[in-house]
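Please consult the sequence and the structure while working through them.

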Amino acid sequence: MSATPAPLPGSASVVIIGGGVIGTSIAFHLAEAGVGDVVLLERDELGSGSTCKAAGGVRAQFSDELNIELGARSLEAFTRFRERPGQEIDLRQVGYLFLLSTPEHVAAFERDVALQNELGVTSRMIDVSEARRLSPLIETDGLLAAAFSPDDGHCTPESVVLGYATAARRLGATLRTNTPVTGIRTRAGRATAVVTDHGTIRADTVVCAAGAWSRSIGEMAGVELPVTPVRRQVMFTRPMPDLAAEVPFTIDFASSFYFHREGGGLLLGMSDPEQEPGFHLGYSDAWLPRLSRAVETRAPRLLDVGLSRGWAGLYEVTPDHNALIGRADEPPNLLYATGFSGHGFLQAPAVGEVIRDLCLERAPVLDVSPLSVRRFAGGRPRPEARIV
């Protein structure tokens with residue numbers, strides 16, 4: 001006989017909707033700042049949405065200045081995660097390696113690297129021979145150049161969620177799983193309460209960090225959050241005895257095929273332009289012919305390595321492939337951090353700081369006002385070109 005869960009608190013200063021890495025980061029940063037009655041609500045288990053299906057990449061190689069800054073600030077936090085909040089996350093700073101095969105991509109990455117360097121990121125353009133030395137599994141036919149940043153890498157998403165959640169609880173936050181939100185009450189232009197299957201919580205501030213499910217959460221409060229779920233999948237190789245100890249997160253940019261070391265083998269993934277949007281949560285083999293063609297072109301030795309089925313997860317995509325971070329016009333006490341289009345995991349530490357500051361009505365550590373949802377109504381999209 002299962003234990004009856006404790007009643008939900010009747011009120012909270014901040015109610016966070018969504019228990020992935022963004023939501024748990026926000027909960028931790030608020031609790032650390034002394035907000036004593038933070039409540040996080042997760043419809044399933046912590047990290048069970050997109051976070052724990054992520055490839056775990058962490059980087060600051062972007063085309064958008066804000067994304068570079070969010071990525072770099074977060075990367076610094078990941079390097080200190082063992083001390084704050086206090087969790088081993090298996091961070092491997094093996095670098096991100098973008099393989100480039102068109103003159104247009106080379107020129108664009110040269111501009112991006114120059115901007116990244118201005119902002120303190122140690123990325124650089126390299127020639128094809130150095131790319132092959134860094135990532136010996138690649139086939140270099142057709143490559144013109146590559147971009148590499150040695151400080152980037154990957155870590156374990158589940159451990160990051162665990163670290164933030166454990167520390168948030170230790171600091172007094174309430175994190176409730178298996179508690180789906182069914183409504184947001186508003187009155188006089190403000191959000192007043194969050195309704196769940198297990199009770200209603202009065203709230204001074206509500207934060208939507210619901211990832212691919214954010215559009216419906218926004219609708220509950222009359223806020224349009226243009227977030228569309230799109231399935232992304234990964235696979236794994238069998239153990240590879242001769243695999244190098246360090247393998248950079250390697251991306252064939254033209255095809256989006258990527259791989260990095262995972263245990264004794266590799267994790268493989270790529271986008272599927274034929275994937276219909278929607279909550280397609282089951283694994284499908286339909287992407288395998290396209291993946292096989294990309295592997296044959298860029299890493300043909302992997303065709304002789306046994307593969308095992310991976311999993312399907314969801315990207316939370318916006319029209320310009322850039323995040324939505326900010327405060328709603330109405331109700332103004334509803335904040336949102338969603339729509340990261342594949343780079344939410346790696347930006348979570350900095351986003352937690354930004355939302356903390358917005359909740360406390362102080363200037364955020366980074367000015368994210370260009371990422372407000374208002375940019376779409378005003379015809380000011382802010383495209384991010386380095387989506388994997």
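**Exercise 1.** Which residue in β11 is the bridge partner of I16?

*Solution.* The model is a predicted one, in which local features need pLDDT of at least 70 and side-chain atom pairs count only at pLDDT 80 or more, while totals for chains, interfaces and linings use all residues. Residues are numbered from 1 along each chain as its sequence is written, and side-chain values use heavy atoms, with hydrogens and water left out.

Step 1. Strands (E, at least two residues) and helices (H or I, at least four) are DSSP runs numbered from the N terminus. Two strands pair if DSSP finds at least two bridges between them.

Step 2. Strand β1 (residues 11-17) pairs with β11 over six bridges, in the parallel sense.

Step 3. Within β11, I16 has V207 as its bridge partner. V207 also has a bridge partner in β18, namely L335.

**Exercise 2.** In what order do the eight strands of the open sheet lie?

*Solution.* Step 1. The order is β5-β6-β4-β13-β14-β15-β12-β16, with mixed pairing.

Step 1. β5 (124-126) and β16 (307-317) are at the edges; each has a single partner strand, so one side of each is left without a neighbour in the sheet. From one strand to the next, the twist averages 25 degrees.

Step 2. Within this sheet, β12 (residues 228-237) and β15 (residues 265-270) run antiparallel and are joined by four bridges. M235 has L268 as its bridge partner in β15.

Step 3. Helix α3 (residues 103-118) packs on the sheet, touching β4, β5 and β6, and its direction makes about 145 degrees with that of β5. Such angles run from 0 to 180 degrees between N-to-C directions, the axes being lines fitted to C-alpha atoms, for helices over the stretch in contact. Helix α7 (residues 288-298) runs at about 80 degrees to β14.

**Exercise 3.** Is E262 buried or partly exposed?

*Solution.* Step 1. E262 is found in β14 (residues 257-262).

Step 1. Its relative accessible area is 38%, so E262 is partly exposed.

Step 2. Leaving aside neighbours within four places in sequence, E262 is in contact with F236 and L267. P239 is 23 residues from E262 in sequence, and their C-alpha atoms are 9.2 Å apart.

Step 3. E262 is also one of the residues nearest the centre of the second largest pocket, which is lined by 21 residues. A pocket is an open set of points on a 1 Å grid over the protein atoms alone, where a 1.4 Å probe fits, with protein on both sides within 12 Å along at least five of seven lines; lining residues have an atom within 4 Å of a point. β14 gives the most to this lining, with three residues.

Methods. Buried < 20%, exposed > 50% of the residue type's maximum accessible area, 1.4 Å probe, protein only. Contact = heavy atoms within 4.5 Å.
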